[in-house]
Amino acid sequence: MKNGSLANNSEMKLPPNTGTHVDSPGHVYDHYFDAGFDVDTLDLEVLMVLTIIAIVRPGLLVDVPRNSNITAEVMKSLNIPKGVRRVLFRTLNTDRKLMFKNQFDTSYVGFTKDGAQWLVENTDIKMVGIDYLSVAAWTDLIPSHLVFLKSRAQYGLRSQKQNKSV
């Protein structure tokens with residue numbers, strides 16, 4: 001960000017089947033980046049979700065209404081119970097099979113700033129999973145990231161290919 005970029009990014013080389021990822025707080029906050037709050041500082045207990053969500057760790061798969069980004073109004077309507085710490089949000093992105101397309105699609109469904117703020121202020125959720133390349137809606141990309149990463153307590157996990165049987 002010191003060079004004028006919107007976010008701090010690093011580069012690493014991984015096998016082609018690596019795609020699901022989380023953002024560290026330093027991704028959009030320079031002071032966290034400078035303090036070394038990288039992905040290796042995240043709470044692994046919260047992140048243990050993909051293979052054991054239904055077996056050991058409490059988690060929830062939520063179908064989001066298909067006509068909207070994830071706004072505060074949508075979050076209220078989902079009635080996610082207190083105590084749930086991990087939620088995978090299945091959206092119109094799955095129906096449109098966006099994760100299987102070669103081109104990036106800016107019309108994907110994600111969190112708006114007010115939806116992210118509502119989640120942070122009104123739930124116990126620490127891990128947010130979504131079915132596309134960003135947890136934040138394209139139209140609210142940086143503001144939503146800032147809300148999620150400000151407290152260093154919420155993690156956005158993305159790029160899950162969620163089919164109807166999940």
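Which residue forms a salt bridge with Asp-63, and how far apart are the closest N and O atoms? The partner is Arg-66, and the closest N and O atoms are 3.4 Å apart. This is a predicted model, and the account below starts with its overall build before returning to that pair.

## Overall build

The protein chain has six helices and five strands. Along the sequence they follow the pattern β-α-α-β-α-β-α-α-β-α-β. Of the 166 residues in the chain, 43% are buried. Contacts reach across the sequence. Among those with a separation of 6 or more, 76% join residues 24 or more positions apart. The chain exposes about 9,200 Å², and carbon and sulfur atoms supply 55% of that area.

## Confidence

The mean pLDDT of the chain is 78. A value of 70 or more is reached by 67% of the residues. Among the elements, helix H3 has the highest mean pLDDT, at 97. Strand S5, residues 155-158, has the lowest, at 58. Over residues 50-56 the pLDDT is below 50. Beyond near neighbours in sequence, that stretch has eight contacts in the model. Where pLDDT is low, the predicted coordinates should not be read in detail.

## The nonpolar core

In soluble globular proteins, nonpolar side chains tend to be buried together. Here the largest nonpolar core holds 20 residues. Those touching the most other members are Ile-70, Met-75, Ile-80, Phe-89, Phe-111, Leu-119 and Val-128. Five elements each supply at least two core residues: helix H3 (72-78), strand S3 (86-90), helix H5 (113-122), strand S4 (127-130) and helix H6 (141-150). H3 gives the most, with three residues.

Which residues does Met-75 contact, leaving aside its neighbours within four places in sequence? They are Ile-70, Ile-80, Phe-89, Phe-111, Gly-115, Trp-118 and Leu-119.

## Salt bridges

The structure holds four salt bridges. Three of them are set out here.

| Asp-63 | Arg-66 | 3.4 Å |

The bridge from Asp-63 to Arg-90 links distant parts of the chain. Asp-63 is in strand S2 (residues 60-63), Arg-90 is in strand S3, and the two are 27 residues apart.

How covered are these side chains? Arg-90 is buried, because its relative accessible area is 7%, under the 20% cut-off. Asp-63 is partly exposed, with a relative accessible area of 43%. Arg-66 is also partly exposed, at 28%. Asp-63, Arg-66 and Arg-90 join Asp-95 in a network of salt bridges.

Asp-105 counts as buried, because its relative accessibility is 18%. Arg-96 is partly exposed, with a relative accessible area of 27%.

## The surface

Which residues form a nonpolar patch on the surface? They are Phe-104, Leu-133 and Trp-138, with about 300 Å² of accessible area together. Trp-138 is found in the loop between S4 and H6. Its relative accessible area is 43%, so Trp-138 is partly exposed.

## Backbone exceptions

Most residues other than glycine have a negative phi.

Asn-79 is not a glycine, yet it has a positive phi of about 50 degrees. Asn-79 lies in the loop between H3 and S3. Is Asn-79 buried or exposed? Asn-79 is exposed, because its relative accessible area is 63%.

Lys-97 also has a positive phi, near 55 degrees, in a residue other than glycine. Lys-97 lies in the loop between helix H4 (92-95) and H5. At 51% relative accessibility, Lys-97 counts as exposed, since the cut-off is over 50%.

Note on methods:
Residues numbered from 1 in each chain as written. Predicted model: local features only at pLDDT ≥ 70, side-chain atom pairs only at ≥ 80, totals over all residues. Heavy atoms only, no water. Core = buried A, V, L, I, M, F, W, Y, C linked by side-chain atoms within 4.5 Å. Buried < 20%, exposed > 50% of the residue type's maximum accessible area, 1.4 Å probe, protein only. Helix = DSSP H or I, 4+ residues; strand = E, 2+ residues; numbered from the N terminus. Contact = heavy atoms within 4.5 Å. Patch = residues over 30% accessible without salt bridge, like charges linked within 9 Å, V, L, I, M, F, W, Y side chains within 5 Å. Areas by Shrake-Rupley, 256 points an atom, 1.4 Å probe, with all protein chains shown as cover. Salt bridge = Lys/Arg side-chain N within 4 Å of Asp/Glu carboxyl O. pLDDT = per-residue confidence, 0-100.
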